[in-house]
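Subject: The structure you asked about

Hello! Here is the model I promised to pass on, and below it you will find my notes on what turned up in it.

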Amino acid sequence: MSQLVFDPSKVMDIDYTKRTEYLDGLEAIKAAHKVLKEITYTPSLPDKGYTNRSLYVNVDTLEITEKPVTQQMKDVFIGGRGFGLWHLWNAVKPATRWNDPENEIVISPGPVAGMTQYAGTGKSLVVSLSPQTDIPIDSNVGGFYGPLLKFSGFDALELQGKSDKDIILFIDGQKGLIRIEEAPTDPVDSHVLAEVLTHMYAENEADLPNISVVSTGAAAEHSLIGMLNFSFYDRRRKCVRFKQAGRGGIGTVFRDKKIRALVIRGPKVAGDMNHPADPETIAKTGIKYHKEIRENDGSQCMMRRNGTAHIVEIMDAYDLLPVHNFQFGSHPDTHKIDSAYWQSRCTQHTVDGCWYGCSMACAKGADGLVLKTGPYKGDMVTVDGPEYENAAGLGSNCGIFDPDYLLELNFYCDTYGICTITYGTLCAFVMECYQRGILNKERTGGLEMVWGNAEASLEMMHQMARGEGFGKLAGQGVKKLKERFIQNAWGDPQLITDIGMENKGLEYSQYLSKESLAQQGGYALTNKGPQHDEAWVIFMDMVNKQLPTFEDKAEALYYFPLFRTWFGLNGFCKLPWNDVAPKNNSSQPEAHKIPEHVQNYVDLFSATTGIQIDKEELIHQSAKVYNFQRVFNIRMGKGLRLHDAAPYRSMGPVTKEEYESRAERYDKQIVEEMGLDPVGKTTEEKMALHREWRTGRFSKLMDSVYTRRGWTLDGVPTLERLKELGLDVFPEVVEVVKQHL
Amino acid sequence: MKQLVIDFQKCDAGRNCNHECEMECAVRVFKVDDPKQAALQIKAYEDGGGHAVLCDQCGDCVVVCPTEALKRNKLGVVMIDKKVCVGCYMCIGFCEKEAFMRNSDWLTPHKCTSCGVCVKVCPHGALSIVDVPEPPVRII
């Protein structure tokens, strides 16, 4: 791989302050709002990272209550995802499903969130029962809502109940007001709605950055794959931008509750609002890290130039970029959507962090896109990203290599409120089914879902937003589509099962895991479903070759899910951990863990909360929440070995074309890994050998990982493990586990 | 733009003075009796000569500041608006000259604003304020 060099002369010259505005109807929309409930409260700032209270809102009964954050909550669950899971556990019963009123959406930023001195410290964790998986989903999201929620006085927000009319929850952390408003005529799609609401609730221009809006869009209402957009005001572009709580359909739950938006007006942010125990350590650690980015980013990942899209061509070069529904790992047209292109297309003259102090600045924006299709055809918009996942999911995985169409797909996913990763994987599945005759024009209502047909993909998405046609069906997600296609006898059930890339009901994110056993486990042996944020080990396994042995892989699937869980307990972003590394990292012991950065996190937590931890305690903190979540899954009827099963497409070649496209590699594995001779065998026979070998080693990996995690071979945490973690103090947790031992 | 420059033909890196420039800056600009808090720092090399840590108003910090707290004034000097600053210290981390500074007692960082108080007190006449063209904005 040649090192990409940044060439400023190739950056497109676009006026990044120019775009279509949507503020004309603001006054009329505001006039139609009706106050349903208003209370006053006393705003407060955190003490050592915690405000020590959470806010409960029932959108049906209009109850608004403050709850104390107990010492036990802080000790066991830390914050963020931990608080979300704890509140959700108390809110639901085993029989509760996503659209029951008792299901909650919990937003919690975590004790470190809101720090302004280190990169990636503005995250909130969103937890709910997923419409796709029926178990808890957690999503780690940037934008300003979480930190401003905390600086307005709350460590978490619980939303429960179902309203019968569209409502907005407004929290004014400056004035100490909480208001539920009926919002009958508000725009539906996020890019319009959030712009209108940001200007509606800001008292003047200087107040705009103090507003953050959580919203979704039209497609969340008609599908199970809805996501939430968390806004932040981009001062240079002078527009509202978003980060997404994407996975698992939380946007769908949001609209099922008839919540149109959450709006927060926080206090003006300063550098000490967490009131940390040791601000000096935080300042020094932050400055050290900013210097590291300045010195190393340009010769390492170039996150400041490209964001996460910097890995498109790397994945392609290592045969890991998903192409045509995860069949292949590279494509001759990848150069059309590689980082060199995005470097020229994404605006480079601006800041692009999704919270203050993020020197990694990966929240790139492509300005000046004029839309070619849909309800906003002709409008000029700013598109967030595209991130790697979007370039791969909406692009290569569907055979789409036209960057403008890719941006348009990205834009509509965002404004319609659907997850780009989920949409990419489900569209790729639909396209493969179409190519293989499982679907046809009649079955798709006229959509010609062939590889590369961006217009058809866009039309399917517009249908999803309108709640009509094949698009509405597709919005049910891969799992339900598989069931439907099999039920309708539209194709070979085994083939449909093999190529539908979901696990637990959640679509795979965009890495080709066939040649990385560690990543196969990293996807399938997860709590929430196959999302790389829990165990993105493909790079260290395949590219850096840091996990050569079976034991290394099993150990990585113990350590990294716990290490990465910890980000979500505290309000950290994962990217600053390993998208830049100290110059001497490769010579350090356990280089794949980036030990200096691990120490940074230990220091930042200790300095914020005043609780001194070390790297072992960090993992122990995560293990409590991770195992609690596993038990929660079991309580909801999943979470066992059978639910960790992976589709064969994630493990090996399903079809002849896949095998024959990489025949040399596969034949060699027959010789070297299986000790057999491929000569004289048909492709089908060789595929069968591979299937046996690959599923066998995956099963062996499951055994090893479960054992390492302190679980039974059925994937159930043992009583000893619960005791070790102190989770035995919750009798109901023990009770769930006992039924499965 | 106005820029503070130092002439090391005249400055002897504090060997024969009392760092009057630093003290004047600390006391008059930052109201502290500690030359370490001054926005210019004169360092002597062991084998003779020396160098100064000071802001040349290059503007890199303006580019990286997330809140637009850093802007050039009419004289081209980069000024910090403390009311807008969120204390992220990216300006410190991204300053190649290490001229952006931090006092542990203050939330916001500080640097030289070419005010010239140091110029008047230098016993060797080594400091001066010059007018130079603004460099082009860099993509950082």
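**The seven-stranded sheet**

Chain A holds an open sheet of seven strands with mixed pairing, in the order β1-β9-β8-β13-β10-β11-β12. Its edge strands are β1 and β12 (239–245) of chain A, each of which pairs on one side only. Neighbouring strands of this sheet are turned by 20° against each other on average, direction ignored.

Before I go on, a word on the source: this is a predicted model, in which local features need pLDDT of at least 70 and side-chain atom pairs count only at pLDDT 80 or more, while totals for chains, interfaces and linings use all residues. Residues are numbered from 1 along each chain as its sequence is written, chains are lettered from A and ligands numbered from 1 in the order in which they are written, and side-chain values use heavy atoms, with hydrogens and water left out.

Helices (H or I, at least four residues) and strands (E, at least two) are DSSP runs, numbered from the N terminus. Two strands pair if DSSP finds at least two bridges between them.

Within this sheet, β8 (residues 167–172) and β9 (residues 177–182) of chain A are antiparallel partners over six bridges. A:Ile171 stands opposite A:Ile178 in β9(A). Helix α5 (residues 190–201) of chain A packs on the sheet, touching (heavy atoms within 4.5 Å) β8, β9, β10 (211–215), β11 (228–234), β12 and β13 (259–265) of chain A. The direction of α5 makes about 145° with that of β10(A); axes are lines fitted to C-alpha atoms, for helices over the stretch in contact, and angles run from 0 to 180 degrees between N-to-C directions.

**The six-stranded sheet**

Another open sheet of chain A has six strands in the order β3-β2-β7-β4-β5-β6, again with mixed pairing. Here β3 and β6 of chain A are the edge strands, each pairing on one side only, and the twist averages 20° from one strand to the next.

Strand β2(A) is worth a look. Six of its six residues are buried (under 20% relative accessible area; exposed is over 50% and partly exposed in between, with a 1.4 Å probe and protein chains only), so β2(A) is largely enclosed by the rest of the structure. A:Arg53, A:Leu55 and A:Val57 point one way from the strand, and A:Ser54, A:Tyr56 and A:Asn58 the other way. On one side, β2(A) runs antiparallel to β3 (residues 64–68) of chain A, joined by five bridges, with A:Pro68 as the bridge partner of A:Arg53. These two strands form a hairpin with five residues between them, and A:Leu62 in the turn has a positive phi of about 65°. With β7(A), β2(A) pairs in the parallel sense over four bridges, and A:Leu55 stands opposite A:Leu157 there.

Further along, β5 (residues 124–129) of chain A and β6(A) are antiparallel over six bridges, and A:Ser124 has A:Val141 as its bridge partner in β6(A). Helix α3 (residues 81–91) of chain A lies across β2, β4 (105–108), β5, β6 and β7 of chain A, at about 25° to β5(A).

**Aromatic rings and charges**

Rings of Phe, Tyr and Trp (its six-membered ring) pair if their centres lie within 6.5 Å; planes under 30 degrees apart count as stacked, over 60 as edge-to-face and the rest as tilted. By this rule there are 45 aromatic pairs over all chains. One of them is the tilted pair of A:Tyr41 and A:Phe154, 5.1 Å centre to centre with 35° between the planes. A:Tyr41 lies in the loop between β1 (34–40) and β2 (53–58) of chain A and A:Phe154 in the loop between α4 (145–151) and β7 (157–160) of chain A, so the pair ties together parts that are 113 residues apart in sequence. Both residues are buried.

A:Lys700 has its charged end over the ring of A:Phe550, 4.4 Å from the centre, where "over" means NZ of Lys or CZ of Arg within 6 Å of the ring centre and within 35 degrees of the ring normal. A:Arg708 lies over the face of A:Tyr558, at 3.7 Å from the ring centre.

**Where the chains meet**

In the contact between the chains, 26 residues of chain B touch 28 residues of chain A.

Best wishes
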